[in-house]
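Please look over the sequence and the model before reading on.

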Amino acid sequence: MSIEDPDHVAKFADPFNALSSGIISIPIDLPWTPFNRAIKASKFIRKELLAIINQRKMDLAENRASPTQDISSHMLLTSDGNGQYMKELDIADKILGLLIGGHDTASASITFVVKYLAELPHVYDEVYKEQMEIAKSKAPRELLNWEDIQKMKYSWNVACEVMRLAPPVQGAFREAITDIIYSGFSIPKGWKLYWSTHSTHRNPECFPEPEKFDPSRFEGKGPAPYTYVRFGGGPRMCPGKEYARLEILVFMHNVVKRFKWEKLLQNEKIIVNPMPIPAKGLPVRLHPHKA
């Protein structure tokens with residue numbers, strides 16, 4: 001949405017945190033519940049988004065904004081197969097969905113990448129070796145490109161194993177669209193279901209020695225379908241999967257080639273609200289690599 005004013009961004013912080021906390025909570029709409037607070041927060045955010053979208057619409061009409069500036073401009077100017085344009089409220093809803101999907105999930109995964117690389121120096125060394133081979137192939141100040149990302153196979157296997165053991169989203173709600181039988185249980189059409197990422201990822205039938213950190217699980221064809229569900233599965237798999245991969249790997253490249261680090265709190269607890277986060281923020285001591 002091309003909003004760079006920190007004060008404007010900060011205006012969204014508290015309501016967005018309330019929304020993130022309540023969006024995968026039990027859907028009980030009472031004043032004291034996270035779900036109710038999330039509904040109120042979403043109304044506030046939609047109102048703010050609509051104001052920005054309407055301003056952008058006027059700016060585009062008067063050539064004060066670029067048609068290719070960002071997703072907001074794209075949605076306002078792109079029609080469907082019937083020549084119909086999206087309504088402003090629909091655009092606000094879609095942008096809200098994109099913000100939710102890209103806000104906390106990747107940052108939570110990156111946090112646990114830092115945690116596990118601090119705890120597992122042999123894994124860090126392999127990631128460092130891979131990333132430095134890529135770094136040495138680049139000219140001074142040359143940025144990463146898509147081909148570089150494809151070379152980060154071991155680093156991505158490490159990130160996938162991190163997300164297996166510490167999935168940002170613990171699960172999600174779905175609705176049965178027909179009567180089904182699952183594991184001997186009869187589930188009527190219309191019932192709400194909750195599928196658990198955490199339980200699936202630690203099922204020894206899917207992942208032998210599930211508590212062991214083993215990036216090799218993702219070599220070759222990787223885990224069986226619908227066992228590794230960090231990004232969901234099937235037609236409703238997360239559309240931001242490749243964006244998340246890009247974001248995580250670019251972070252890993254830039255931090256690993258510059259630093260090694262150690263955790264300052266060896267037994268720091270992990271809390272879940274609604275995503276897993278280190279209780280004290282995962283303080284680390286950085287050790288710059290020698291030039």
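## Basis of the report

The model is predicted: local features need pLDDT of at least 70, side-chain atom pairs count only at pLDDT 80 or more, and totals for chains, interfaces and linings use all residues. Residues are numbered from 1 along each chain as its sequence is written, and side-chain values use heavy atoms, with hydrogens and water left out.

## Helix α3

Helices (H or I, at least four residues) and strands (E, at least two) are DSSP runs, numbered from the N terminus. Helix α3 covers residues 34–61, 28 residues in total, and its first and last C-alpha atoms lie 40 Å apart, close to the 40 Å expected at 1.5 Å a residue. The expected span is 1.5 Å times one less than the number of residues.

Buried means under 20% relative accessible area, exposed over 50%, and partly exposed in between (1.4 Å probe, protein chains only). Among the buried residues of α3 are A41, I45, E48, R56 and D59. The buried residues of this helix pack against α1 (6–10), α2 (13–22), α4 (71–77) and α5 (88–103). After α3 comes N63, with a positive phi near 60 degrees.

## Helix α11 and H253

H253 belongs to α11, which runs over residues 241–256. The relative accessible area of H253 is 3%, so this residue is buried. Leaving aside residues up to four places away in sequence, H253 touches Q131, I134, A135, L144 and M152, where contact means heavy atoms within 4.5 Å.

## Cysteines

No disulfide (a pair of cysteine sulfur atoms within 2.5 Å) is found in a search of the whole structure. C160 is in none, and the nearest cysteine sulfur, that of C238, is 13 Å away. C238 is likewise in no disulfide. With a relative accessible area of 5%, C160 is buried, whereas C238 is partly exposed at 33%.
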